[in-house]
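User: I have a model open and want to go through it with you. Can we start with the overall picture and then look at some side chains?

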Amino acid sequence: MKIRHKPLLIIPIVSTVSGFVVSHSKGLSTSLNASEQSRLAFIHSSATAAVVLCTIRPQPADALVKGNAPPPKKGPPAEERKCRNLEECQEQAERAADKAEEEARANMVPASVTSKGTRYRVLVDAKEGSPVAKEGDEASVLFKVLKLGKRSYDGLSGEGTVVFSRGYGLEDDENKAGEKPFTFTIGNSQVIAGLNDAIIGQAVGSVRRFAATPQMGWEKATRECDGGPGGRGNGGELKTDYVVVPTATMVDQEACFDKKKLPFPATYAQQRRMAQRFDQSLIVEVELVRLN
């Protein structure tokens, strides 16, 4: 608690006393002896000094009453405090991810669309003057087939889990990146339609990411199978995470899995993963290495 002192109201009194002393000392100075005159002069000078001191207005002062501490200083709002347990850490991570997603959505550049409807986005631009792919060219590419991540809100963004790849050094039969590219002729019907479509217009050295719906990927083109995302039949549904499928259902699903389409997984483990996800919307990331 603070007490604010006020200036003392003694100026008029002291001034009156000083004036009284001055006025009377002039009349008495002639009838007093030297000792009395000296004493009167001392009183007069003291009263004058008191008047001068009292006319100086003291500055207000703050005093603390014993037992009360001053209030804490208010600084700028601090960032979110550190979490104290697992639940708080998870909540903070979710809030941070939501905030990052909102910012990404606000700054997101709309995806490009090919004439056949394949959505794609350029991740890495090529050098100016690089040759551009066209139908009939023989292309060598590095690619990754990804399942959609939890926050892939537009079917192209985010970091998905690799289902299978070629040329990035991620598989058991690859020693290093760039060692075993996938080579094909653009327009070959044996190659998935999404890759044939998305690579046209891509420059050597650039990286594109396109959305591969089941119909433009590894699903057989029959009405019974054409029920996934974008399809017209009664088949699968859009799934963005791992789903354990009973054996009987798996056999029925695999009847729609076109194992003749390229590129195709090389190992049994990769084939199992694709058998569970070929009827989902997938992301394919392609780096065009060269054109022949």
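Predicted model: local features only at pLDDT ≥ 70, side-chain atom pairs only at ≥ 80, totals over all residues.

User: What share of the residues count as buried?
Analyst: The chain has 292 residues, of which 34% count as buried.

User: And how many helices and strands?
Analyst: There are 6 helices and 9 strands in the protein chain.

User: For contacts between residues at least 6 apart in sequence, what percentage join residues at least 24 apart?
Analyst: In the protein chain that figure is 69%.

User: Salt bridges next. How many are there in the whole structure?
Analyst: The search finds 4. One of them pairs Arg-209 with Glu-285, with 2.6 Å from N to O. Arg-209 is in strand 8 (residues 207-212) and Glu-285 in strand 9, so this pair ties together parts that are 76 residues apart in sequence.

User: Is Arg-209 buried or exposed?
Analyst: Buried, because its relative accessible area is 5% and the cut-off for buried is under 20%. Glu-285 is buried as well, with a relative accessible area of 11%.

User: How far apart are the closest N and O atoms of Glu-285 and Lys-144?
Analyst: They are 3.7 Å apart, and the two residues form a salt bridge.

User: What does Arg-84 pair with?
Analyst: Arg-84 forms a salt bridge with Glu-88, and their closest N and O atoms are 3.2 Å apart. Glu-88 counts as buried at 17% relative accessibility, whereas Arg-84 counts as exposed at 64%.

User: Where is Glu-159?
Analyst: Glu-159 sits in the loop between strand 5 and strand 6 (161-166). At 70% relative accessibility, Glu-159 counts as exposed.

User: Leaving out residues up to four places away in sequence, what does Glu-159 touch?
Analyst: Glu-159 touches Gly-149 and Arg-209. As for Ile-283, its C-alpha is 9.7 Å from that of Glu-159, and the two residues are 124 apart in sequence.

User: Switching topic: which cysteines does the disulfide join?
Analyst: Cys-225 and Cys-256, with 2.1 Å from S to S. The structure holds 1 disulfide.

User: What is the handedness of that link?
Analyst: The link of Cys-225 and Cys-256 is left-handed, with -80 degrees about the S-S bond. Cys-225 lies in the loop between strand 8 and helix 5, and Cys-256 in the loop between helix 5 and helix 6, so the pair ties together parts that are 31 residues apart in sequence.

User: Are the two cysteines, Cys-225 at 7% and Cys-256 at 14%, buried or exposed?
Analyst: Cys-225 is buried with that relative accessible area of 7%, and Cys-256 also counts as buried, at 14% relative accessibility.

User: Last one: where is the cis peptide bond?
Analyst: It joins Leu-262 and Pro-263, with omega at about 0 degrees. Pro-263 lies in the loop between helix 5 (247-254) and helix 6 (268-277). Most peptide bonds are trans.

Conventions
Residues numbered from 1 in each chain as written. Heavy atoms only, no water. Salt bridge = Lys/Arg side-chain N within 4 Å of Asp/Glu carboxyl O. Buried < 20%, exposed > 50% of the residue type's maximum accessible area, 1.4 Å probe, protein only. Helix = DSSP H or I, 4+ residues; strand = E, 2+ residues; numbered from the N terminus. Contact = heavy atoms within 4.5 Å. Disulfide = S-S within 2.5 Å.
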